[in-house]
Protein chains: 2
Amino acid sequence: MSRSKPTIEDVARAAGVSRATVSRVINNVPGASGQLRARVRQAVVELGYTPNQTARALASGRQRAVDVVAVTYSPATGWLGAHPYYSRVLAGIMSVLEGADVQLRVHAVGEAGAAEAIDAIAANATVGAVLTNIPPALAARFHRQCRRAVSVTATAASVPAMEVDNAGGAYAAVEQLYRLGRRRIAAIHGPDASTCALDRRTGYARAVRQLGLADLGADGGDFVRENGYVTARRLLERHPDVDAMFVACDLMAAGAIQAITAGGRRVPQDISVMGFDDSLAAVCSNPPLSTVRVPVEEMTAAATRLLLDGEVPAGHRQQFPVELVLRESTGQPAVPSFP
Amino acid sequence: MSRSKPTIEDVARAAGVSRATVSRVINNVPGASGQLRARVRQAVVELGYTPNQTARALASGRQRAVDVVAVTYSPATGWLGAHPYYSRVLAGIMSVLEGADVQLRVHAVGEAGAAEAIDAIAANATVGAVLTNIPPALAARFHRQCRRAVSVTATAASVPAMEVDNAGGAYAAVEQLYRLGRRRIAAIHGPDASTCALDRRTGYARAVRQLGLADLGADGGDFVRENGYVTARRLLERHPDVDAMFVACDLMAAGAIQAITAGGRRVPQDISVMGFDDSLAAVCSNPPLSTVRVPVEEMTAAATRLLLDGEVPAGHRQQFPVELVLRESTGQPAVPSFP
DNA sequence: GGTTCTGCTGAGAGCGCTCTCGACCGTACC
DNA sequence: GGTACGGTCGAGAGCGCTCTCAGCAGAACC
C-alpha cells in the first residue's frame, strides 16, 4: 500500500494514458475507445482508486450536495433529539438522494449569528438547500444570495416553498371533534415563533367561531411533550368540563394524554384528544393518537427533487394535502386496531 | 451585483494586496499588519465575500466534515423516519460540531453495493466518520481504508468504538422486574443482525437463568413498534400468566403496551413493561416507560470529539454506563409524575 | 493523391484557495 | 558602516480534478 491515496495521475500512469482519458472513463463520458477503457478500469481497481470529491467539485464547479438547514432555538442536544419532525425531514430527503450520488449536509444554525451562518451556507450551496423552520426574514436573506432554496415551512413570498394547509387541517380536526359530539373543545397552541403553530391556531379559532363554541385555547409554548402535559393539566383545572382537546403537535398531545389519564379521566371516553403531524409520537402514544397528517417526508422529498431538477422559480409554491388520521384517541376509530 | 461570486482574487485587487495577505486575514493567521488587515476586512464586507469551502478544502488538504454513516435495510423513508435512534445520533454529533465550523454529512448505505459505498465514503472522509449500525465486517473494511472512524455500536476488534453494556443493562432490567415481585418475565427480542439486540438477548437469558425463572423470550424481529404490538399479543396468547415484559427497545415496548391495554389488561398493575434505550418513544408512551437508558447523544458526542482531536488509536474503546430509568410502566415509580 | 470529416487522444489551462519561500524593510547590535 | 534579525508582504507552486482544444490518425469522398 502506497503512502497516500492514489490520484487520477497515478491511474493515468499505470494505464499508460493521459489524465483526460481516465477522467472520461470514470465519468462514463463518450470519447474513449473500448480498449483504453478496459485498461483504465483495470488500473482503477488495481490501485484502489476513488475520485476525490473535493477536487472534482472544485474543477467542475458543481458539487453534488443538498444542504438542510434548521434554526435551533435550544441547545443542540434538544434539537434533533427531541423532535421527530427533523427525522422525517431527513428521511424524505434521503429517499430521493439515495443512489443519486448526492451528499446530504446538515446545518444547525443557532439564533446568535444566524445571519452570518446563513450567508456562509448560501455561498457554499451547490444543488441547493432545504430550509426548515427558518424565519421568513432569514429565508429571504438566504434566497437573495442563493436561488436554489426551498422552504418546507410557510415563509416569505419570494422563497420557493412546499406548503400545507395548517389552518384547514386544524379546522377539520375541530370539526371532526364536533362531529363526535364534543362541544367543549379546548386547544393547546404552539409557539408564536412558528408559522405553522400560528396557522393551526387560526384554524382552531375559526372553527370554534363557526361552530358556535367557546374558544378554550391555551398557550403551550414550544413543541415539546412536557409543555403538553403541563398545559393540559392547567386546562383541566381551569375548565373541568372540557370534553376534547385539539393539540398543535403530536408530541404535546402525547403529554396531554398522559396528564389526562394520570388525572383519572379516560381517553377517549371522557376526553377526546386530537394531535397534529402524525409523527412517531402519535403511534407511540396510548391510546394511539388521532391526528392531522402532515406529509413531511413527501414535502421534503419533493423539495429535494425540485432542487435536483435545477433552477427553482422564485415564489414557486407546491401544495400538499393534510389528512385526518383517526385512531383511538378520539373515539369511534375508523379502523379499530384490536378486534 | 456582479455576475458571479467574488473570489479571493477580487478581494485582493479591491484591497490592493496579494491573495496571500487576504488569506492571512480571513484565517486570522499572524503575518499581516493592522493596517492591511483593516483594508482587507473592508473589501470583504464591501464585496460580500465568503470563502469557497471546496477550494479551501482542496488546497489545505483537510476539509472539515464529519460523516455519519448508517446501513439502511429498509427503504430510506423508513430509515431515519421510523426510528428515534438516529435523531439522537445526529443530536449528539451536532452538539459538539456547533460552532466548531465543521460540517455534518449524512450517508445512508443500502445493503446492495454497501461495500463500494463504504469505500467511497472512506476515501473522502476528512475529520472522520461515525459508524452506526454498520456490520462488523463493513466497519472493519472502512477502518482499513480510513483510520479516522468510530463505531457507536459493538463492532470488529480493530475499529475504535463507543460501547455500552447492553447485556448488563438487560440483566439489570430483569432483576428490577424481579425485585418488583414479577416472576413470569417474558422478553421481546430484537433482530439478530443487530449486535445490540444480541447482547440484550444474552443479558435476559443470563438473568432468568440466574434467578431461576422460565425463559419466555420471543423473537420480535426489527426494532419497530408494530413488531412489539404483534409479538406482545402472541406472547399474551401463548403465556396468559405473564406478569412482566422486557422489550429490546422502547419503540417495540410502546407497541407492547398498546397491545396489553387493548387486550384489557393494565400496565403496570397486571403486567410491568420495561423498554430499552430511553428514546422519545419511552416518554410518549402511556404510561411512560421504565427503560434502560443508553446515552446515545453522549456516545456520539464523544465519538465526534475523538475524531476532532485527531488520530484515533485502533481498537480504542470507551465505556458508557447504562442506567435504569424508572417511570410508571413497571409500577412503584421512583418519582411519581403526578401527585 | 488531395481534401474533408470523424473519432480518439493528450497537453494544458484553469477551478479558488493555502502555504512556502524569498524579497524587502526597519531596527538593533557590533 | 556592516551584519543580523524579526516582521511584512507577494510571487508562485501546487491541491486533484474537469474540460477545451489542438493534433493526429484513419475512413470517405472527389
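Colleague: Which element gives the largest share of the surface near DNA strand C?

Modeller: This is a predicted model, in which local features need pLDDT of at least 70, side-chain atom pairs count only at pLDDT 80 or more, and totals for chains, interfaces and linings use all residues. Residues are numbered from 1 along each chain as its sequence is written, while chains are lettered from A and ligands numbered from 1 in the order in which they are written. A residue is near a strand if its C-beta atom, placed from the backbone, lies within 6 Å of it, and helices are DSSP runs (H or I, at least four residues) numbered from the N terminus. The largest share of this surface, five residues, comes from α4(B).

Colleague: Which residues are closest to DNA strand C?

Modeller: DNA strand C is surrounded by 25 residues. Both chains are represented among the closest, which are A:Ser18, B:Thr7, B:Ile8, B:Ser23 and B:Ala59.

Colleague: Which element gives the most to the surface near DNA strand D?

Modeller: Elements supplying at least two residues each are α1 (8-15), α2 (19-26) and α4 (53-60) of chain A, with α2 (19-26) and α4 (53-60) of chain B. The most, five residues, comes from α4(A).

Colleague: Which residues does A:Phe246 touch?

Modeller: A:Phe246 is one of the residues that touch the most other members of the largest nonpolar core, which has 192 residues. Contact requires C-beta atoms, placed from the backbone, within 7 Å. Not counting residues up to four places away in sequence, A:Phe246 touches A:Ala170, A:Ala173, A:Val174, A:Leu177, A:Ile185, A:Ala187, A:Tyr204 and A:Met274.

Technical notes: A nonpolar core is a set of buried Ala, Val, Leu, Ile, Met, Phe, Trp, Tyr and Cys residues joined through C-beta atoms within 7 Å. A residue is buried if 20 or more other C-beta atoms lie within 10 Å of its own, exposed if 12 or fewer, and partly exposed in between; C-beta atoms are placed from the backbone. Two residues are in contact if their C-beta atoms, placed from the backbone, lie within 7 Å.
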